[in-house]
Every structure is written in C-alpha cells, then in structure tokens.
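Hi,

Here is the structure I said I'd pass on. Have a look at it first, then read my notes below.

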Amino acid sequence: MNFSTLAALLGFALVTTATPGPNNLMLMASGANFGFRRTVPHMIGIVGGLTVLTLMAGVGLMALFDVFPLLRNILEVFSIGYLLWLAWKIATAAPLKDTATGGQPMTFWQAAAFQWVNPKAWAMGLSAITLYAPDRSLLAIMLVAAAFALVCFPAISIWAWLGTVVRHWLSSDRRRRAFNIAMAVLLVASLYPVLGIGG
C-alpha cells in the first residue's frame, strides 16, 4: 500500500467514524447523561470492537457472506431489532439525578460487542476492506484495521464531549427527556443511509 492510498484510507476511516451513526449518537447521550470520564470505557470498547470486527471481516467473514448472502440479511434484521431496543432505552432513560447514582454507562465489553450488531460498523469495515484491501491479503487487512484503531478514538471522543457541553442545559428533567427522545429518534434515523431503506 503506497502513501497516497494509505492517506486515503486514513481519511476514509476518519470520516466514517466521525460522522453520525449509532456509536456517536449513543456517545453523545452517554456524555450528556454520565459525563466524559465515565464514557471513556464505552469509547475504548468501540475502538477495540471495530478493529476486531474489521480484522475478522477481512480474514473470513466477507467470504462467508459471499457464499451465504442470507447470513448478512439475518444480521441486518437482528441489528435493526437491537438498535430499536437501544433507542427505546435511551428515550426512557432515568432522570439526571438518578443516573448520577444508579445509572450505568455502557462498559468496554458491551461497547465492543455492540459493534457486531451495529450496521454502520459492518458497512464501514466491509467497505474499507473492499476499497483498500481488495486482494484480502493479511497485511492489507491489518493496515485497514490499524487505520480504524488509530483515528477512531479522537473522532468519536468529540461526540462524548458534545454531550458534556449540553449536560448543564439538561438539568431540567423536561429538557433532558426531550434530548433523550431526540437522540433515540436520530439513532433510528441513522439506519436509513446504512441499510439503504427505501431504495
């Protein structure tokens, strides 16, 4: 992989991880509800999960989807169902004073496991392998995964920080409820471009 291709790969990884999607919307909600520091394990879990998913996709899962396309459809249906459930959990989250004591942000392992049912994570990983490791050689696949690992944390941390910016504004239960409902709606809406709903 030459320098220009590597630069393009890093740009692709940065843009895809920084743009709105299930991970970033959940990070913004977590930053608003729990603060930046308590959201860090969630962010690290996203980085680890996305990196492993990309590696696994490149070394075998893409070939499996080529042979059994129905498996990809089953994964998409399961992913949609899980994201709808998460949207409901965000929309009905406890008041801010309750989350400070009883609520829990997503853990490292929960965030890492979530990547396997996150449609955007699959789209990013599969697209990156197709574009930047078309021969699916181990070295090229490892470079793609490393690119995501390198740029993902700084890109997604912006969303958790944005959540903390609006945290003080959410001291009102009514505003916080409206914010969480908006985040839930946006989470569901984020499925549209990833899955190509409606065409």
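The largest cavity holds about 80 Å³ of space. A cavity here is a set of points, on a 1 Å grid over the protein atoms alone, where a 1.4 Å probe fits but cannot get out; the volume is the space filled by probe spheres set on the points, which are joined across faces, edges and corners.

Before you go on: this is a predicted model, where local features need pLDDT of at least 70, side-chain atom pairs count only at pLDDT 80 or more, and totals for chains, interfaces and linings use all residues. Residues are numbered from 1 along each chain as its sequence is written, and side-chain values use heavy atoms, leaving out hydrogens and water.

Back to the cavity. It is lined by 15 residues (lining means an atom within 4 Å of a point), and Thr16, Thr17, Asn23, Lys120 and Met124 lie nearest its centre. Helix H7 gives the largest share of that lining, three residues. Helices are DSSP runs of H or I, at least four residues, numbered from the N terminus.

Buried means under 20% relative accessible area, exposed over 50%, partly exposed in between (1.4 Å probe, protein chains only). Among its 50 residues, Val144 and Phe148 touch the most other members. Ten of the core residues come from H8, the largest share.

Last one: Arg177 sits in helix H9 (residues 173-189). Arg177 counts as partly exposed because its relative accessible area is 47%.

Cheers

Technical notes. Helix = DSSP H or I, 4+ residues; strand = E, 2+ residues; numbered from the N terminus. Core = buried A, V, L, I, M, F, W, Y, C linked by side-chain atoms within 4.5 Å. 1 Å grid on protein atoms, 1.4 Å probe; cavity = no way out; pocket = protein on both sides within 12 Å on 5 of 7 lines; lining within 4 Å.
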